[in-house]
Amino acid sequence: MQRHLAGSRVVKTFANLDFRRLFTLARPAGVADRSAQAVAGDDPAAKAQVIAFLDAIGYDAVDIGTLADSRRIGPNTPLHVQPYLGAWPDGLSSAEERGRWFFQAPGVPVPASRVRQLVDAAVPVPAGGPTPASAA
């Protein structure tokens, strides 16, 4: 991505959180149920700005390394969406029922220590390669 945006400073975060939980999981600094987000980028100053932004909107940050390392938070990785969403309840047979639950479920806080565990459990893939099943 950075190669295609010459002159920009790319930092990846929120790639693993759905739009609903973005709002419902935000918490003030220092509370026990504050969630964290992974942050990846090649520019330390840009990452520092993003980390400050995350703190301001209610999230802790876990620096996971470079943009290349951001593959550890993409689709089919242990940190992608599901930890923040929680388990789907049994018995949701229709798309309408699943949709209603999705919008009503407040989400599950994922602290920095858990974010680090899930990132470390992800199976890395070569850039541009197929997305693997994650190591869980």
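Reader: Why is Ser-70 called buried?

Author: Buried means under 20% relative accessible area, exposed means over 50%, and partly exposed lies in between, with a 1.4 Å probe and protein chains only. Ser-70 has 8% relative accessibility, so Ser-70 counts as buried. The model is a predicted one, in which local features need pLDDT of at least 70 and side-chain atom pairs count only at pLDDT 80 or more, while totals for chains, interfaces and linings use all residues. Residues are numbered from 1 along each chain as its sequence is written, and side-chain values use heavy atoms, with hydrogens and water left out.

Reader: What makes the approach of Ser-70 to the backbone oxygen of Leu-67 a polar contact?

Author: A polar contact is a pair of N or O atoms within 3.5 Å; within protein, one must be able to donate a hydrogen and the other to accept it, and residues adjacent in sequence count only if both atoms are side-chain atoms. A polar atom of the Ser-70 side chain lies 2.6 Å from the backbone oxygen of Leu-67. The side chain of Thr-13 likewise reaches the backbone oxygen of Ala-38, at 2.8 Å.

Reader: How do you know that Arg-21 and Asp-18 meet in a salt bridge?

Author: A salt bridge is a side-chain nitrogen of Lys or Arg within 4 Å of a carboxyl oxygen of Asp or Glu. For Arg-21 and Asp-18 the N to O distance is 3.1 Å, and their side chains meet in a salt bridge. Arg-21 has a relative accessible area of 0%, so Arg-21 is buried; Asp-18, at 10%, also counts as buried. By this rule the count comes to 8 salt bridges.

Reader: Is Asp-120, which forms a salt bridge with Arg-116, buried or exposed?

Author: The relative accessible area of Asp-120 is 51%, so Asp-120 is exposed. Arg-116, at 30%, counts as partly exposed. The closest N and O atoms of this salt bridge are 3.6 Å apart. Both residues lie in helix H5, 4 residues apart, about one turn of the helix. Helices (H or I, at least four residues) and strands (E, at least two) are DSSP runs, numbered from the N terminus.

Reader: Why are the buried residues of H5 said to line one face of the helix?

Author: In H5, Val-115, Leu-118 and Val-119 are buried. Seen down the axis of H5, the buried residues fall within an arc of 100 degrees (taken from the directions from the helix axis to the C-beta atoms), so they line one face. On the other side of H5, Ser-113 and Asp-120 are exposed.
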